[in-house]
Amino acid sequence: MIALDHLTKTFGRERAVDDLTLTVKEGSIFGLIGSNGSGKSTALRMIAGIYAPDRGQVTLSDAPVFDHERAKEQIFIICDQPFIQAGENLEDLAHFYSHIYPGFSWDDYEELCQVFDMERKKPINTFSKGIRKLAMIIIALSCNPQVLLMDESFDGLDMVVRAAVKKLLIDRVARQEMTVVATSHNLYEIEELCDHVAIIHKGRLILERDLDALKEEFVRVQTAFREPLPDDALAGIEVISRESRGSLLTLIVKAGFSELKERLEPYGPLFLENLPLTLEEIFIKEMEAVGYDYKNITF
Amino acid sequence: MTTKISLSNQQRTGFLFRHAVKRLKGVGFISCIVYLAVFTIPFIIRSVQAQEEYFASEVGKIYGFTGALLFILPVVMPLFTGVMSFQFMHQADRADLYYSLPVRRPTLFFTHFLAGLTVSILPLLVIYLPSAVMVLIKNPFGITLVSLLTEFLTLCLTLFISYTLVCFIGVFTPTVLDHVLYTGGIGAAISLGIGYTVQALSQMLVGFSGGALLLRNFGSLWCNPFLLSYRIFIDNDRYRWPLLLSFLALAVVCLLLSVFGFCRHGCERAGRVGGRTLVKEICKYVGAYVGGLLLSLALGGMTDLSPGVMIVGLLLGSFIAYTIIEAVSMRSFRTFGRSMKGYAVTAVCLLALFSVARFDLMGYQNRVPSTQQIASVSIDYFGVSDTHVSHGEGNPRLTLETPEAIEAVRNLHTGLVESLVPMGGREADYYFGGTEIAKTVTVSYHLKNGLTLQRRYEKVMRADFPYFEALCVVPEFRQKTDLSAMVEPNRFNSFQLYNAVGQKAALMNLDLEKQAELLDAIAKDRASETPQQFARPQSPSLGSIVITATPSALGENLALLQKNGLNSYHGVVVIGTHYENTLALLKKWGFDQNLDLPSGQVKVAYVDYSGTMFGQETPLFLSEPNGDNGYRTSIGMLEEGAWGKEPSSILNPEEIQALLSCSYQQYTNEQGYVVAYVVEGATEAQMLLIPYEKAPEFLKKALDNYEVDVTSSYYEGTPADTVKTPPITAQTIRE
């Protein structure tokens, strides 16, 4: 279990992570999402022991991570822009990491290279961004870490490789109880991969939920009424979005479908349809709730 | 199936070290090749070819004839390896990689630190090892293996110091460019800061002795940890070990700070330009200090150290330097406004420091310790008569302990303060064409409370400043500086008698009894000699006795004699007319006739009017007549116009006789003409001095024609630049 306890990190006058506390269960795939500059990558680097927290600490199975080699042996981070020395090929990388990580397995390495049909002797810097990322994923999985931290790691991977990597990750989580913490701007990807998500904004935690539970907390309905719906009809329910187009009304509320249906029945809806809500929509609504300008978000 | 490997921490650390060395191997390899080609191979070739004596005299030191350039190695290599070793801290992606590794941060630091150090030392070893073998084979100096190892270790230490400082700067800078810029900046700032501080204090505080210690001995350029290796090549540099140890201590402190900085915030600033870092702040404030001093001194030099102008220069210079460093480090002027707070504090501190120095708020200039406070006093001055002076390069070696001697030094010091402080310490404009020559005097009091108070002055020697002579006749001073009083009779090698124009008149073969008798007579004459007689004999000297002693007989005093202007172990007793006991003894032994002036034998006298032909060595101070100290000159040089003008030869025997009758060997404070007398058959000419006031009429008349005021203000103590000294030739003199 990874525990972030009141983690704070400041760069100059800018507070990148502010009193962040959350827990990542062992064997889970945890998505860390947030707007640009929200502190996701900084948080990930603190989990990896790269940055020293100004306050608070990160623990892995109750052991502090920062500057503790035994804990760090269990963690591998694939950064957004992984550094690869000019002229280094995959074999060089494997050789380097095999001397650093005790969990490195040459068998796994061989297998992964075959699966992805990687060229091992060609300098990695001559590859595309996607292949460079894939090379690091191969190395990371060969190191067999207990915790894999992935910062925008699916960027540049084509759809087939992306699917294969996801499958591999899920397989590792299932087989070896590996924990994955991933950040991405692509929320569909996070939604597809993760079982837990946390949203952070300006370094602070906005929410942390099991993804299914999170989805159950929100409901989007499309309905229509003969008469306009009174303003107090939904009193006591947190309405996140309300859009009217003629008699057609679309609502996103932070409540269960049955509870909403119960509240609307007395007004005689012509129809009431439960529409699936995506993580992206939840994220956008949550961000709007904390005053984040929707137009600034990139996907 | 998964095959895992087992790794110990040692294995991992060892691998990381090898990996870091591998990254630097290119630099190491190229350096080895370059240094082998430049130093070692030429050294070996020359050594093999050279005869033993050639090897000893020309090849000299172990590094060979190009070895003096070797000091570049500990300057250049650390810069390359230090920058490359810690490059990973200056790029965010590299930093992510290395700091995420399961390695403790101190381990990560030291693997890179030691890798860089190893690669830096490797070329040194490549140069040193073959050269050392060659030296041991030929071994003309009896060099031992231990001494070679000590020297190698010393060089390694200098390299370690500069490398550590480069790494320290690297840890606290965000980019490679900043690393290089700050390293260069700090390296330059150390030398410039020390140099300009010493210069400023020397100009503003009369008697400031730091100049002697730092500028003359350390040399501000070389008083720099990055250039420390240069000092290793300076023979007899007694400051190199204190410097080495001081900088070693500094390097250790920097190393500890580097480890702390690396472990705590090592990678957070990677690639982030604009943050505040320890090194940047140091650079900014030191830069402001150096910039302020530089402009302040430049403007002050043009306005006779006007405080107002110097303050303007100080503020303007510091502002320019501060702003430039801020802009360069931030890569913009966007923090200009915010940084002004820091500048305001800097300006206030600089003004406070300036005020303390310029207006002597600490009472530095007038401080003369009381007799009760003084345990002993050391003195160093250059150029007084026939006394052996202790030229200890700013660190006086002649120590006096008797109350009489201490009081004489205090009187001298008080006299210096009273005469120099009111005029800002610059008595004569001797740098720009003046003819007055200032002598350097360093006084060092060893106080009873264990402290030392040292002052250094430059004083033009004049008859109205009798304190030097008063000190010279103090018994303890004589005892410790006069060779004739230092050594037992049986330790002297020879006694030679010279006449007034430096012709060797006789070799006095004296048995021990006679030696003792002669030394006793000299001692009696000297004991009764007054300061006035010592300084300004009423008549020309009659001749001199040159005595030589074996170096082993001189013991501790050898250092005094070696370091004096004579550069020999000779002692000279100038026989004035008041040396009655000595003269009586010479007469008794029949040597008195040897002192007769050989008027008929002198063919020609060359006259130099300027009194500056030996630079700071005129007016003449006495050394032994057959010495090589520049007061004899070859006749060939005289005939070729070596004095820098048309030959001023005087051939008329009557005129020569007139000149001889007023020429002196022994002078302390006199200014006058330098005359070289060429004796029949001699290859060298003896040079004597004719005081202006005693010059023959024909000389004075000639000078009158050229509007030279020989009555001179030299004796009144006014600045020398009032005296005009147009060219004069022998022809014009005769006319």
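Okay, let's start with one residue: B:E407 is partly exposed, with a relative accessible area of 28%. Before I go on, please keep in mind that this is a predicted model.

So which residue does B:E407 pair with in a salt bridge? That's B:R410, and the closest N and O atoms are 3.3 Å apart. B:R410 counts as buried, because its relative accessible area is 15%, under the 20% cut-off.

Chain B gives us another pair of this kind. B:D520 and B:K524 form a salt bridge, with 3.4 Å between the closest N and O atoms. They're 4 residues apart in helix α18, residues 512-527, so about one helical turn separates them. B:D520 is partly exposed at 39%, and B:K524 is partly exposed too, at 46%. Over in chain A, salt bridges with shared partners link A:R15, A:D18 and A:R204 into one network.

Staying in chain A, have a look at A:R70 and A:E73. Their side chains meet in a salt bridge, 2.4 Å from N to O. A:R70 is partly exposed, at 47% relative accessibility, whereas A:E73 is buried, at 8%. Over all chains, the structure holds 21 salt bridges.

Now let's zoom out to chain A as a whole. It has 10 helices and 14 strands, and its C-alpha atoms fill a box of roughly 70 × 40 × 35 Å along the principal axes. Of its 299 residues, 54% count as buried. If you take contacts between residues at least 6 apart in sequence, 69% of them join residues at least 24 apart.

You'll find it in strand β2, residues 14-24.

Last stop, charge. Chain A carries 33 positive and 49 negative side chains, with the centres of the two sets 4 Å apart. On the surface, A:D195, A:D210, A:D212 and A:E216 gather in a patch of negative charge. One of them, A:E216, lies in helix α8, residues 211-217, and is exposed at 61%.

Notes
Residues numbered from 1 in each chain as written. Chains lettered and ligands numbered in written order. Predicted model: local features only at pLDDT ≥ 70, side-chain atom pairs only at ≥ 80, totals over all residues. Heavy atoms only, no water. Helix = DSSP H or I, 4+ residues; strand = E, 2+ residues; numbered from the N terminus. Buried < 20%, exposed > 50% of the residue type's maximum accessible area, 1.4 Å probe, protein only. Contact = heavy atoms within 4.5 Å. Lys, Arg positive; Asp, Glu negative; His and termini not counted. Charge placed at Lys NZ, Arg CZ, Asp CG, Glu CD. Patch = residues over 30% accessible without salt bridge, like charges linked within 9 Å, V, L, I, M, F, W, Y side chains within 5 Å. Areas by Shrake-Rupley, 256 points an atom, 1.4 Å probe, with all protein chains shown as cover. Salt bridge = Lys/Arg side-chain N within 4 Å of Asp/Glu carboxyl O.
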